[in-house]
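User: I am new to this structure. Please take me through it in short questions and answers.

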Amino acid sequence: MLTGAGVSTDSGIPDYRGPRSGRSPVQAPGPMTYQEFVSGAAAQQRYWARAHIGWGRMSQAVPNAAHHALRAYELTGALTGVVTQNVDGLHEAAGQGQLVALHGRIEQVVCLGCRTLTDRAQLHATLSALNPGYAASRTGATIAPDGDAHVEDTAGFVLAACERCGGPLKPDVVFFGENVPVERVERSYALVGAAEALLVLGSSLQVMSGLRFVRRAAKDGKPVVIVNRGATRGDDLATVKLDAGCAETLPALLA
Ligand SMILES: [Zn+2]
């Protein structure tokens with residue numbers, strides 16, 4: 001099982017590319033790349049100001065019918081594992097057991113200096129104290145699946161640094177332009193290799209980090225079933241393609 005942003009749209013977390021998304025790839029800025037993030041304090045200030053606002057909504061999201069259906073399916077023994085491209089932690093919140101969070105989790109923060117991992121909620125409290133009233137004055141901002149919010153005036157935002165070494169902090173998620181850690185890729189290939197079929201849910205498979213597992217399953221002659229609103233890059237490899245949403249389709253499909 002491979003899941004993407006479409007699984008979380010019914011939890012109120014928008015999709016970058018799905019039809020429900022309000023952001024057009026032409027006019028709206030995409031997510032910040034890794035290269036831009038590490039370019040210096042100005043980019044990090046821009047990132048964290050927007051993410052600070054996005055976090056308020058991200059942290060309140062709860063699993064929907066699709067997350068719960070997958071956990072229930074796992075308990076029957078028919079589902080051997082889930083590889084997710086989502087960083088929202090909702091599969092974890094639904095109790096999914098065998099899970100690889102391919103792109104990391106937005107709830108964790110990593111120091112680029114000493115690699116220490118810390119809790120995002122703690123950083124949020126620190127940033128709130130450093131920037132009183134900042135989020136409250138921007139409640140109308142729209143957010144993206146990675147917790148990014150659309151805010152322009154970020155120049156006055158005060159950053160927090162690593163408490164151990166003073167280094168810059170980054171959410172512990174894989175940015176565009178950054179590689180997925182090898183260990184996670186290998187665990188994902190192992191899950192796909194052990195399964196009899198691959199079900200793809202709510203991903204347009206635009207990034208290779210997910211598409212490669214579809215290619216592997218197809219190459220091994222395994223059935224590939226794709227449930228997604230709109231076209232995906234894996235459609236020509238699919239045994240069955242269902243153009244539908246996840247939360248309304250999945251419980252019925254698994255039953
Ligand atoms: Zn550090």
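This is a predicted model: local features need pLDDT of at least 70, side-chain atom pairs count only at pLDDT 80 or more; totals for chains, interfaces and linings use all residues.

User: Where is leucine 205 found?
Analyst: Leucine 205 has a phi near 55°, a positive value in a residue other than glycine. Its place is the loop between strand 7 and helix 7.

User: What span does helix 7 reach from its first C-alpha to its last?
Analyst: Helix 7 covers residues 208-219, which is twelve residues. At 1.5 Å a residue, the expected span is 16 Å. The model comes close to that, with 16 Å.

User: Within what arc do the buried residues of helix 7 fall?
Analyst: The buried residues in helix 7 are Gly210, Phe213, Val214 and Ala217. Seen down the axis of helix 7, they line one face of the helix, because they fall within an arc of 100°.

User: Why can residues three or four places apart point the same way?
Analyst: Residues three or four places apart point the same way because of the turn of the α-helix. The number behind this is 3.6 residues a turn.

User: Which exposed residues does the face of helix 7 turned away from its buried side carry?
Analyst: The buried side of helix 7 holds Gly210, Phe213, Val214 and Ala217. The face turned away from that side carries exposed residues, Met208 and Lys219.

User: What covers the buried residues of helix 7?
Analyst: The cover includes one helix, helix 6 (182-194). It also includes strand 1 (2-3), strand 2 (82-84), strand 7 (198-201) and strand 8 (224-227).

User: At what angle do helix 6 and helix 7 pack?
Analyst: The axes of helix 6 and helix 7 are 10 Å apart. Helix 6 passes helix 7 in a right-handed crossing. The packing angle is about 35°.

User: Which residues make the contact of helix 6 and helix 7?
Analyst: The residues of this contact divide into four nonpolar, one polar and one charged. Helix 6 gives Ser188, Tyr189 and Val192. Helix 7 gives Phe213, Arg216 and Ala217.

User: Is arginine 115 buried or exposed?
Analyst: Arginine 115 lies in the loop between strand 4 (104-111) and strand 5 (117-119). Its phi is near 65°, a positive value in a residue other than glycine. Arginine 115 has 11 other C-beta atoms within 10 Å, and a residue with 12 or fewer counts as exposed. Therefore arginine 115 is exposed.

User: Which residues is arginine 164 in contact with, leaving aside its neighbours within four places in sequence?
Analyst: Arginine 164 lies in the loop between helix 5 (120-130) and strand 6 (169-173). It is exposed, with 11 other C-beta atoms within 10 Å. With those neighbours left aside, the contacts of arginine 164 are Cys111, Cys114 and Thr116.

User: What separates the C-alpha atoms of alanine 78 and lysine 241?
Analyst: Alanine 78 lies in the loop between helix 3 (65-75) and strand 2. Along the chain, alanine 78 and lysine 241 are 163 residues apart. Their C-alpha atoms are separated by 20 Å.

User: What arc do the buried residues of helix 8 cover?
Analyst: In helix 8 (residues 246-254), the buried residues are Cys246, Ala247, Thr249 and Leu250. They are on the same side of helix 8, because around the axis they cover an arc of only 165°.

Definitions and conventions
Residues are numbered from 1 along each chain as its sequence is written. Helices (H or I, at least four residues) and strands (E, at least two) are DSSP runs, numbered from the N terminus. The expected span of a helix is 1.5 Å times one less than its number of residues. A residue is buried if 20 or more other C-beta atoms lie within 10 Å of its own, exposed if 12 or fewer, and partly exposed in between; C-beta atoms are placed from the backbone. The arc is that of the directions from the helix axis to the C-beta atoms. Two residues are in contact if their C-beta atoms, placed from the backbone, lie within 7 Å. Axes are lines fitted to C-alpha atoms, for helices over the stretch in contact, and angles run from 0 to 180 degrees between N-to-C directions. A crossing is left-handed if the near helix is turned anticlockwise from the far one by less than a right angle, and right-handed if clockwise. Ala, Val, Leu, Ile, Met, Phe, Trp, Tyr, Cys and Pro count as nonpolar, Asp, Glu, Lys and Arg as charged, and the others, Gly among them, as polar.
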